[in-house]
Amino acid sequence: GTAPVPGADSAIRFYELKETRPEVKEDGNVDHYELNLINRVAAGDWLGEKTDPTDGFPGRTVKGSVLMPSKGKDLPLFYDRNTVREMHQDGKTTLYARINGAVHYDGGRIGVSNHFEIDGNVGFKTGNIDFDGFITIKGTIEDGFSVSAAKDIEILGDYGVGTVKEINSSQGSIYIKGGIAGKNRAVIRSKKDIFTKFVSDTVILCDGSVHIGFYCLNSKVRAKEVILDSARGQIIGGTIDADIRVVASTVGSVSEVRTCISVAGFDRALLKSSLERTEADIERMRTGLARAKQEVSAYGNVKELTREQVLAYEKIRDEYFAIRDRLKSLEEERKALTGYLKAHGEGEISILKKVYPNTRLEIKKIAREITAPAMSISFYEQDGEIKEL
């Protein structure tokens with residue numbers, strides 16, 4: 001006899017969000033600081049697809065009786081029906097954007113969020129901007145004006161921004177392609193990360209990591225981490241306050257401008273314990289997600305659902321989305337904790353090339369004054385003292 005060949009389940013793939021990672025280019029003439037922050041799509045753009053499940057192939061017993069195969073499961077496509085539409089053709093269901101906007105995922109459900117795009121500058125023609133979504137500004141923000149958004153903000157003008165009143169993202173990240181020359185008036189706030197080419201005379205308040213391409217001059221920066229991405233990134237003057245670490249090629253200057261860097265530090269044992277709990281929670285969530293997905297897919301081959309089945313399906317579907325949201329949050333937390341634990345000791349200031357005199361370094365309230373130039377050195381806290389690497 002021959003065994004039946006079971007049908008294949010439907011195969012699903014979705015639009016992949018671009019990884020948020022700055023790219024520094026130094027060609028000798030113009031320094032570029034490029035980043036893909038917002039995943040923009042236009043109405044009609046492809047967002048995902050699902051192939052139909054197959055029936056499989058029957059088998060036969062040695063006496064010639066037919067053995068029917070099990071059909072593949074018709075897995076559901078989850079998407080926001082207000083912003084995404086589907087079209088079925090030739091055994092494939094394809095998802096397309098209904099509107100122009102920014103791709104986002106709410107749990108396992110793909111959708112297109114509100115995206116406000118300003119073709120020029122924010123200024124007297126537009127007034128101050130306060131938007132519940134994503135914002136792209138192709139020009140700049142003129143002096144004295146402010147921009148606030150719930151989600152990510154990107155400012156793509158080559159010359160960056162000057163003495164803006166405030167730029168604030170309450171839930172997302174901020175990318176300023178051309179840098180910030182704040183003249184001691186600009187304030188930049190972000191719930192997540194901030195990416196910019198340079199910072200001068202500006203206040204930055206960030207709950208995540210601040211990535212600066214080339215230099216930070218006479219500014220006040222508060223963040224989890226402050227990273228100068230270029231191989232010649234400089235911190236000159238001002239104050240830097242971080243929780244975990246600060247990384248730059250050069251700190252201070254030949255003219256010995258007063259420069260202060262402080263790292264609050266952390267408890268490595270507590271951070272490791274938090275990472276272990278997070279990893280355990282992730283495993284538990286994955287188990288719950290697999291169970292919920294199996295229950296959801298069980299409804300895939302039912303052609304007509306009763307009212308009770310519809311209610312049960314909606315309940316397990318909502319549970320599936322809730323688990324996906326929680327799992328995504330936990331995975332982001334794990335990534336951050338893993339990154340923090342890569343710091344030496346329990347707080348680190350890493351200087352890749354040179355640190356100049358009149359620089360004050362502080363880790364866990366233990367201060368070190370730099371009185372002579374030092375090359376390629378890292379300072380970290382361990383056992384109650386600052387050590388060098």
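The side chains of Glu295 and Arg291 meet in a salt bridge, 2.9 Å from N to O. The model is predicted. Its mean pLDDT is 91, and 98% of the residues score at least 70. The salt-bridge count comes to 28.

**Salt bridges in the helices**

- Glu295 and Arg291 both sit in helix 1, four residues apart, about one turn of the helix.
- Glu295 is partly exposed, at 33% relative accessibility. Arg291 is also partly exposed, with a relative accessible area of 35%.
- Glu331 pairs with Arg286 in a salt bridge, with the closest N and O atoms 3.4 Å apart. This pair links distant parts of the chain: Glu331 belongs to helix 2 (residues 307-340) and Arg286 to helix 1 (residues 268-298), 45 residues apart.
- Glu331 counts as partly exposed at 30% relative accessibility. Arg286 counts as partly exposed at 35%.

**A salt bridge between strands**

- Arg368 forms a salt bridge with Glu388; their closest N and O atoms are 2.7 Å apart. Arg368 is in strand 28 (residues 366-370) and Glu388 is in strand 30 (residues 385-388), so the pair ties together parts 20 residues apart in sequence.
- Arg368 is partly exposed, at 25% relative accessibility. Glu388 is partly exposed too, with a relative accessible area of 44%.

- A network of salt bridges links Arg40, Glu117, Asp119, Lys138 and Glu154.
- Arg40 also has a bridge partner in strand 10, namely Ala102.
- Strand 4 (residues 40-41) and strand 10 (residues 101-106) run antiparallel, joined by two bridges.
- Strand 10 pairs with strand 11 (residues 109-113) over five bridges, again in the antiparallel sense.
- Across that pairing, Ala102 stands opposite Ser113, and Val103 stands opposite Val112.
- The three strands form an open sheet in the order 4-10-11. Strands 4 and 11 are at the edges with a single partner strand each, so one side of each has no neighbour in the sheet.

**Ser169**

- Ser169 lies in strand 17 (residues 166-169).
- Ser169 is buried, because its relative accessible area is 1%, against a cut-off of under 20%.
- Beyond its neighbours within four places in sequence, Ser169 contacts residues including Ala149, Asp152, Ile153, Ile174 and Arg189.

**Confidence by element**

- Confidence is lowest in strand 3 (residues 31-34), at a mean of 80.
- Confidence is highest in strand 22 (residues 203-206), at 98.

Technical notes:
Residues are numbered from 1 along each chain as its sequence is written. Side-chain values use heavy atoms; hydrogens and water are left out. Buried means under 20% relative accessible area, exposed over 50%, partly exposed in between (1.4 Å probe, protein chains only). Contact means heavy atoms within 4.5 Å. Two strands pair if DSSP finds at least two bridges between them. pLDDT is the predictor's confidence in each residue, from 0 to 100. A salt bridge is a side-chain nitrogen of Lys or Arg within 4 Å of a carboxyl oxygen of Asp or Glu.
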